[in-house]
Amino acid sequence: MTTQQFKTDGGKVTVYLDGPTWNDLPAATLGKFSCSSADAGQAVLEQALAFIRENGLQQVIGPMEGDTWHSYRFVTQSDDSPAFLMEPTNTALVLEVFKSVGFAEISRYFSARVPLAHTAQAEPPATTDFTIEPWDGNNPEALFAQVFDLSTTAFSKNAFYKPITQEAFLAMYMPMVPMLKQELIFFARRPDGALAGFLFGTPNYAEGPNPTSAILKTYASLAKGAGQHLAYAFHKAALGAGYNTAIHALIHDDNLSAQRSAAEGADIFRRYGLFGLKLDG
C-alpha cells in the first residue's frame, strides 16, 4: 500500500494512493486525520490533495485507511452515548474541516440498540438449506481462514470493496482472539458442511470487564435466509448469556440488515458517513 503522511502544526493526515474504485475509477483515500484547529486541518488537507493530484488521481475517499477492511467513516450524528468497542470516533471539528475543503457524503451508515428482551420473539421458518451452529472455540486460525474465504465472496460486490490477502486478513483478526466469546459466534453450514454464512458477535468491552451489551459486529451469508437465522441465534444466545442490550453495529443504510434491525425494534443512536471529493485537473 503506497502511503504518505502529512503534518502541519496542529494537523496530520495519511494519504493512501491505491484505494478502492469509486464509480469504476481509481481513488486515493485519506485516513488518520486529526487537527486542533480549522486552519491547521485545512492546511494539511490541501497538502494531501496536492500530492494526490501530482500522482495523477482525481478522486479521493475519506476517511478511510486504505480500504474498508480497515478503519473508515466519520460519526455524523450521535446521541452522545459512549463509543462501543471498535466504533469509529471523531470530533465535530474534523468532520466540519473535511466538508470545508469540498468533501460530500457518498455513503451512509448507522448503529442501533435494542433491549434483548424484545428480540428473537419469533423463530425464522425452518429450512433444510443450512443449519446454524455456534463456534466450538477450537482452532481460531482455521476459523478465520474460512471467514476470509466467505467474506471475499460475500463482500466483493459491495461499494468500495478492495480485496486483500488472507495473510493480511489474519494479521488483522487473529489479535482479536482473546476477546472472542464462542457463544456469540455462529456459522450457517450447508448439508455438505460448506460454509454458507457467519456472524461475529462480541461483548461491548468498552463498558468494562462486565459489559451489559453485546455487539452484532459482522455477518455475511451466501444463502437466502441465513442472515435472519444467524441474527436470531445471536440475539437468543446473548439474552441467555445475561446481556441486556444488543448493538447492531455499523450497518449500511441500504443493506437488508437495516430492515431487519428496524423489524427488531432497534433504535438508531449513531449515524456515520463516508465522504468523497472529485479533484479538478
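Helices (H or I, at least four residues) and strands (E, at least two) are DSSP runs, numbered from the N terminus. The model is predicted: local features need pLDDT of at least 70, side-chain atom pairs count only at pLDDT 80 or more, and totals for chains, interfaces and linings use all residues. Residues are numbered from 1 along each chain as its sequence is written, and side-chain values use heavy atoms, with hydrogens and water left out.

**Exercise 1.** Describe the packing of helix 1 against helix 2, including the handedness of the crossing.

*Solution.* First take the geometry: helix 1 (residues 38-54) and helix 2 (residues 92-100) pack at about 50 degrees, and their axes are 9 Å apart. Axes are lines fitted to C-alpha atoms, for helices over the stretch in contact, and angles run from 0 to 180 degrees between N-to-C directions. The two helices are therefore oblique to each other, given that angles under 35 degrees count as roughly parallel, over 145 as roughly antiparallel, 65 to 115 as roughly perpendicular and the rest as oblique. Their crossing is right-handed, that is, the near helix is turned clockwise from the far one by less than a right angle. Now identify the contact (heavy atoms within 4.5 Å): helix 1 contributes A38, G41, Q42 and L45, and helix 2 contributes L93, V97, F98 and S100.

**Exercise 2.** State which residues of helix 3 and helix 4 meet, and at what angle the helices pack.

*Solution.* The angle between helix 3 (residues 140-154) and helix 4 (residues 166-173) is about 125 degrees, with the axes 10 Å apart. Helix 3 is therefore oblique to helix 4. The crossing is again assigned by hand, and helix 3 passes helix 4 in a right-handed manner. On helix 3 the residues involved are E141, F144, A145, V147, F148 and D149, which meet Q166, F169, L170 and Y173 of helix 4.

**Exercise 3.** Locate N23 and M86, and give the phi and the accessibility of each.

*Solution.* As background, most residues other than glycine have a negative phi. N23 is not a glycine, yet its phi is positive at about 55 degrees. N23 sits in the loop between strand 3 (21-22) and strand 4 (25-26). Its relative accessibility is 52%, so N23 counts as exposed. M86, also a residue other than glycine, has a positive phi near 65 degrees. The loop that holds M86 runs between strand 7 and helix 2. With 37% relative accessibility, M86 counts as partly exposed.

Key. Buried < 20%, exposed > 50% of the residue type's maximum accessible area, 1.4 Å probe, protein only.
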